[in-house]
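Dear colleague,

Please read the notes with the model open beside you.

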Amino acid sequence: MNQELKQTIKDKARQLGFILAGVTTPEPPPHYTTFENWLAQNKHGTMNYLADERSRTRRANPLEILLECKSILVLATPYDPPLPTGEGLGVRVAAYAHGADYHDILPARMKELVQFIEEQVGGPVKNRYYTDTGPILERDLAQRAGIGWIGKNTCLINPKQGSYFFLSEILLDLALEPDAPFVTDHCGTCTRCIQACPTACILPDRTIDARRCISYLTIELKDDIPIELRDKLGDWAFGCDICQQVCPWNRFAAEGDSAFDANRPPHTPTEELTLTPQAFNGRFKRTPIQRAKRRGYLRNIAVVLGNLGDMHALPVLQNALNDEEPLIREHATWAIEQIKTRNQ
């Protein structure tokens, strides 16, 4: 009966758009000590929410989140891989951020799946669900649930689906037979991701020095981007896909869920640098890019313009020197200097 119920739940999950589903136990995640060592070395940068006591206690033991938890359902939802010829936005944005924010879409699906489970068992089931928001080591749990292995680039990789997917987790007060962990490592001797990373942020122990990661620098970091790393951002204005783009397993990446389809008109970086607070909110409302806020995103755009080195961007950058945000002004000043130096 348990096996039959689990398969029924997985079938419903697929119907809701979760292309992968696996079950694991609420035991402590196997790589928690790796996470603690990573924190101790300050590799998390300014992401202090990862290091607070409550967060660490919960990541160390899922039962701290839901005491009654008997099994954890781990789910994956695909998003479209990057376009091979650029993203059509004038600047590069991580593939997952092209369309609607997954935080606005996936919780409703998980809620529907929980309701379905409760119908199947004939009563309420205590639960908690997250998608990239809860204090859990989701890739660890996903590997233990049989969904894939943690690659050298730290992404969870599935041999049939690649790595372009969002992970979600539902903690359940329901005993389901756990799936076999994914124990094989299919990275082999390949080091393409390590070699391709412009900032050398991928470390040998399958962790990342976030302080050098383009995704961290363009999204999580709220202050000045370190001067020595700015030119390494290239034309990435929000996030980065390089370590996934070079991964051979992403030849098998699934087509993305249509709920995340982009519907924004392309803008050039010079246009984006002129966005007022109202225009920024209108353009990026309910998209992942809103996470960077206007000050962070326009900071990134200024750096991209400096890296592109086009003299035609100078008037817009000069205008940005009058922006009310010091962060934008400082990076616009740097970009102007870069362009002038490059065109001497």
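Two strands are taken to pair if DSSP finds at least two bridges between them, and helices (H or I, at least four residues) and strands (E, at least two) are DSSP runs numbered from the N terminus. This is a predicted model, in which local features need pLDDT of at least 70 and side-chain atom pairs count only at pLDDT 80 or more, while totals for chains, interfaces and linings use all residues. Residues are numbered from 1 along each chain as its sequence is written, and side-chain values use heavy atoms, with hydrogens and water left out.

Strands β2 (residues 71-78) and β7 (residues 165-172) run antiparallel and are joined by eight bridges, with P78 opposite F165 in β7. They belong to an open sheet of four strands, ordered β1-β2-β7-β4 with antiparallel pairing. Because β1 (20-24) and β4 (127-130) each have a single partner strand, they stand at the edges, and one side of each is left without a neighbour in the sheet.

Helix α4 (residues 106-121) lies across β2, β4 and β7, at about 35° to β7; contact means heavy atoms within 4.5 Å, and axes are lines fitted to C-alpha atoms, for helices over the stretch in contact, with angles from 0 to 180 degrees between N-to-C directions.
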